[in-house]
Amino acid sequence: MQQWVQLILDWSEVWALLIPIIIYKKQPVLYQPVVSYLWCALFINLTIDFVWKFRMVIPSVYNSNNYLYNVHSIIRFSLFTLFFIQLNQPFLVWIKKIVPILFLIFFVINFGWYEQFFNYSVFSSRLLAVEAFFLLFYVLQYYLFKINENVEVNIFTPDFWITTGLGIYMVINFFIFLLYNELSTRLQTFAISLWNVHNISYIIFNLFIAKSLHESSKQ
Amino acid sequence: MNQANNDIRLLLVVGIAAMFLLFATILLIFIFTQRKKLQYQQSLHSLKESQQLQLVEASVRSEETERHRIAEELHNEVGALLSSAKLHLLTIKLPDDDSYNQQLYQKGNELIDESIQKIRGISHSLHSHILQSFGLNEAIKHFMEKLTNGSLITATTALDYNYTTTEPPQSDTSIYRIIQELLNNILKHAHANEIHITSKYENESLTFTIIHNGIGLSQELFEEIRYTSDGMGLKNIQNRINLLKANLNFSKSNELYFIQISLPKPMPDGTPGS
């Protein structure tokens, strides 16, 4: 039983994405970055899980999936940044425009001098934590803007569901991402079991996206 | 080493818990303030709506009062003057052989009679005393009979007599005025020669259907000319419909046009329901 649960959780980064993908119908331009994210994430996560599950049969040069987490992180940051910019909320506009530049500067400095992007043994904890930090900034500024804005009809709009899902995912995972490299060297078993927490939060994130895209197609 | 590992574990658990609690608090504050704002806006909206309805009600009431005043003035003042003029005319003695003046006298007499009739008609139409004395169904029936009187129009009614006037009778006056205006429009613009009115009273809600064979309105056209037309008729109809919280629907089927007025069940205090 426990093995089955573990198997389901191990593959959750793939099947959880299928929930919003199956549900969504034609979406407005505003939600296109999220739709693109779902397809990109599905492709990357599928590769990650295949590499992990068949690491014994894959040649050793190719059997690391850690750099794919880095790729996933960059794509997620780019597409959700686009989503928040497209929301067109006239609040902290210049800071929102600076965030991608800051992320790019961090990326160049970090992978130019301090870390290797294609590291065989670990993904970049620093990259994922910085990504989580910036995305959390977007989430918080979304709420602050909405508090000042007049509510028309409904609080629970499709963009609210996406933002809240992303917020929950990043809040849970910020410290996991930040300390994962440290944990994987010191407490490897704990680190592996901790990834289940990440997977559960990823399922929640996808359920929120599914809810959002469902609401959006109804409108 | 073990101590350091435990510290990392603790940092992780406390970090996740603190972040999650902080986020949950922000989310709850957000939802709470948004709900408050929404409630405030909804109450503001309903206040505006009720103020608007009060204005419409006041304008409809003053219109009705003005109609009654004009009707009474016409009946009591102009009608009395015309009757007096007729009496004076009747006292004039003309020689029997003066056929020219005899003809003029006859014509004058006929014109005064016609004027008295017209004044009575207008006065009755404005005052709606049949509505107040005999109720809505009789008033509609009487109005339909007046429409067909001496014309080629066939007008029939099939009204539900289970409906009796409710107190206060302002709703009936508004329904009557709506039907009056619609029928006048059908004659004036749709050029119908067959009109049929039915009513149905079920579960305390009343529905009128006017069917005619003229060139009627579709719902879209009604919505369009209601805003663009300068005429007061359709605006008055819509004001009264809003006041009654009723629905007005225009449709067409088999070359016949249908106008349906659906009135909701009134509230316990007698005000129109929603």
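In chain B, 66% of the contacts with a separation of 6 or more are between residues 24 or more positions apart. Two residues are in contact if their C-beta atoms, placed from the backbone, lie within 7 Å. This is a predicted model: local features need pLDDT of at least 70, side-chain atom pairs count only at pLDDT 80 or more, and totals for chains, interfaces and linings use all residues. Residues are numbered from 1 along each chain as its sequence is written, while chains are lettered from A and ligands numbered from 1 in the order in which they are written.

Chain B holds seven helices and five strands. Helices (H or I, at least four residues) and strands (E, at least two) are DSSP runs, numbered from the N terminus. Their order from the N terminus is α-α-α-α-β-α-β-β-α-α-β-β. Of the 274 residues in chain B, 18% are buried (20 or more other C-beta atoms within 10 Å of the residue's own, with C-beta atoms placed from the backbone).

Strand 2 of chain B pairs with two strands, as the table shows. Two strands pair if DSSP finds at least two bridges between them.

| Strands of chain B | Sense | Bridges |
|---|---|---|
| Strand 1 (residues 154-158) and strand 2 (residues 194-202) | parallel | five bridges |
| Strand 2 and strand 3 (residues 205-212) | antiparallel | eight bridges |

B:Thr198 is the bridge partner of B:Ala158. In strand 3, B:Thr209 is the bridge partner of B:Thr198. Strands 2 and 3 of chain B form a hairpin with two residues between them. B:Asn203 in that turn has a positive phi of about 50°.

Now the contact between the chains. Chain A gives 17 residues and chain B gives 18. On the side of chain A, helix 6 and helix 7 (158-186) each supply at least two residues. Helix 7 gives the most, with 10 residues.

Helix 6 (residues 125-148) of chain A packs on helix 1 (residues 2-91) of chain B at about 20°, with the axes 10 Å apart. Axes are lines fitted to C-alpha atoms, for helices over the stretch in contact, and angles run from 0 to 180 degrees between N-to-C directions. The two helices are therefore roughly parallel (an angle under 35 degrees). In this pair, A:Tyr143, A:Lys146 and A:Ile147 meet B:Ile26, B:Phe30, B:Thr33 and B:Gln34.

Note on methods
Parallel < 35°, antiparallel > 145°, perpendicular 65-115°, else oblique. Buried ≥ 20, exposed ≤ 12 C-beta atoms within 10 Å, placed from the backbone.
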